[in-house]
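Colleague: Could you walk me through this one? I'd like to start with the ligand and then look at another part of the chain.

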Amino acid sequence: MTANLDAIASLCKRRGFIYHSSEIYGGMPGFWDYGPLGCELKRNVKDAWWQFMVRGRDDVAGLDATIIMHPRIWKASGHLDTFADPMTMCKDCKKLMRADQLESILAEQKKPPKPRNPPGTGMCPYCGGELTEPKPFNLMFKTVVGPVDDPSNVAYLRPETAQAIFAQFLNVHDTSRKQVPFGIAQEGKSFRNEVTPRNFIFRSREFEQMELEFFIRPDEAVEILFGRVVHLSDGPDVHGDPQPEWGWDVWHMYWVEQRKKFLREIGLPEEHFIEYWQKPDELAHYARACVDIEYDFPFGRQELEGIAARSDFDLSQHQKFSGKSMAVFDEQLKLAARKMDDAAKEAFAAKTAAEWEKRGKDAGEARAFCAELFEGRFVPHVIEPSAGVDRLMLALLCQAYDEETLDDGKGGKDVRTVLRFSPKVAPVKVAVFPLVKNDPAVMSIARDIFGKLRRKVNAFWDVSGQIGRRYRRQDEAGTPWCVTVDKQTPEDGTFTVRERDSMAQERMTYEAFLAKMYAALEF
Ligand code: ATP
């Protein structure tokens, strides 16, 4: 079914997934809190990403950097000068909006409603009045470090997690003993003073990102090393294990496929998302390709995450601004270059200079780059899969939400609200119910089973109300299995396992249930 965002938001509030931040004071636009079920879901999404992108591979290392960093990082990255959205204001109701979102804001409002808040607060719906000229507005939150509120002490809350990875590239490279190609991953908070936060947790001012910077050799280094560079046109297997001869375009496609695989594994069917390949005029000047994975949200098809091939732009910028060389030394490359005679080196440099010129780059720089390559040194290029935790949670909630109409057994209809989460991300994996409260043997064994399960996964204990109601409460929380302990359990050790999606019930032993659960949780 197509989920309705209001129904989802209402379930999220009612069941403790998501609340307005500072609700008792009227809330803050663009800030959300995650309640007991929401914070479990969030943790599972982040853990799943970490398992898939870091622990499950031997070519990625992790990082957990600070939110406030040296302000020059944002100068080098371009965020201080260019991280700005054109913003426009309505001259009548004073609503501030992103100029590029005007059309969708109007479509959403359909006909302009009357402002609820007094004009001038900037928080009312757009009344449809005359707009000011769009002006750039920097999205970074400013703060002051130390006791003196002076411009020299200004710092920023990071607007993305990626820059810390570039700033710590040398340290991680040296201490993790990993060689290019390898990646550095980070999960954590990011802050953007979005002009129009909207669509529930889709666009917030405080959110979390999961980003990987995967560093690769420049194609020229691959060519010296292996005598050829494999491109997409050669038809490589981008679903298989990475190969050293791959060029940047193959690595990029490999990561697009990896990201899609991850999304499928945590419960987003492929038919609900599409790849949007940015057109050459939409790409940032340094980017060679960028794919947005877009999901069909109830409010339209929107970006879920992006996978960009960013060349050596980021590390080169930090090299320029910090004065520290970001080049790595590749022994194999130096040995391969040693086998080239002077004529071969000259031919290689001339070919590289001509190719760079075709891409609008300087021939002299190309020759200097080749001279470094022959010594085994280069600044790595990077492929960046960048995802938002909250946006992914919203997609999972929309995908999971279902209202199922059932016969109520009395000739009428009954609506069952169920979140059909993949067990991998479900906030509660299993709920344990003693069928009756007044049987000490049943209670004791049920408590024992619950105690064993909660040491392994997030389990929930519920003794209150009829068993049918207990099942329904877990359906709304998205719990894949409910274990009901009855009089037979103390006798033969079996209990009833009720499946959330099919509502089928099956008797099994504790060991059989564990095996079933673990099989569903494994990546
Ligand atoms: P948009 O065009 O939607 O503003 P973006 O292209 O600026 O997004 P990136 O800078 O590429 O986004 O950030 C990477 C990911 O971080 C996005 O794909 C999204 O999942 C997440 N993200 C970015 N901004 C926000 C936000 N304000 N709220 C929630 N998630 C966000």
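Colleague: Where does the ligand sit?

Modeller: Keeping in mind that this is a predicted model, the ligand sits in the largest pocket. The elements that each give two or more residues to the shell around the ligand are β10 (206-216), β13 (300-309) and β16 (381-388).

Colleague: And which residues come nearest to the ligand?

Modeller: There are 15 residues around the ligand, and of these E194, R203, S204, E303 and L304 come nearest.

Colleague: What lies 2.9 Å from an oxygen atom of the ligand?

Modeller: That is a polar side-chain atom of R192. The backbone takes part as well: a polar backbone atom of S204 is 2.8 Å from a nitrogen atom of the ligand, and a backbone N or O atom of F202 lies 3.4 Å from a nitrogen atom of the ligand.

Colleague: How much of the ligand's accessible area does the protein cover?

Modeller: On its own the ligand has 590 Å² of accessible area, and the protein covers 81% of that.

Colleague: Okay, new topic: is E103 buried or exposed?

Modeller: E103, which lies in helix α5 (residues 102-109), counts as exposed because its relative accessible area is 71%, and the cut-off for exposed is over 50%.

Colleague: How far apart are E103 and R447?

Modeller: In sequence E103 and R447 are 344 residues apart, while in space they are 56 Å apart, taken from C-alpha to C-alpha.

How values were computed:
Residues numbered from 1 in each chain as written. Predicted model: local features only at pLDDT ≥ 70, side-chain atom pairs only at ≥ 80, totals over all residues. Heavy atoms only, no water. Near = heavy atom within 4 Å. Polar contact = N/O pair within 3.5 Å; in protein donor to acceptor, adjacent residues only side chain to side chain. Areas by Shrake-Rupley, 256 points an atom, 1.4 Å probe, with all protein chains shown as cover. 1 Å grid on protein atoms, 1.4 Å probe; cavity = no way out; pocket = protein on both sides within 12 Å on 5 of 7 lines; lining within 4 Å. Sits in = over half its atoms within 2 Å of the grid points. Helix = DSSP H or I, 4+ residues; strand = E, 2+ residues; numbered from the N terminus. Buried < 20%, exposed > 50% of the residue type's maximum accessible area, 1.4 Å probe, protein only.
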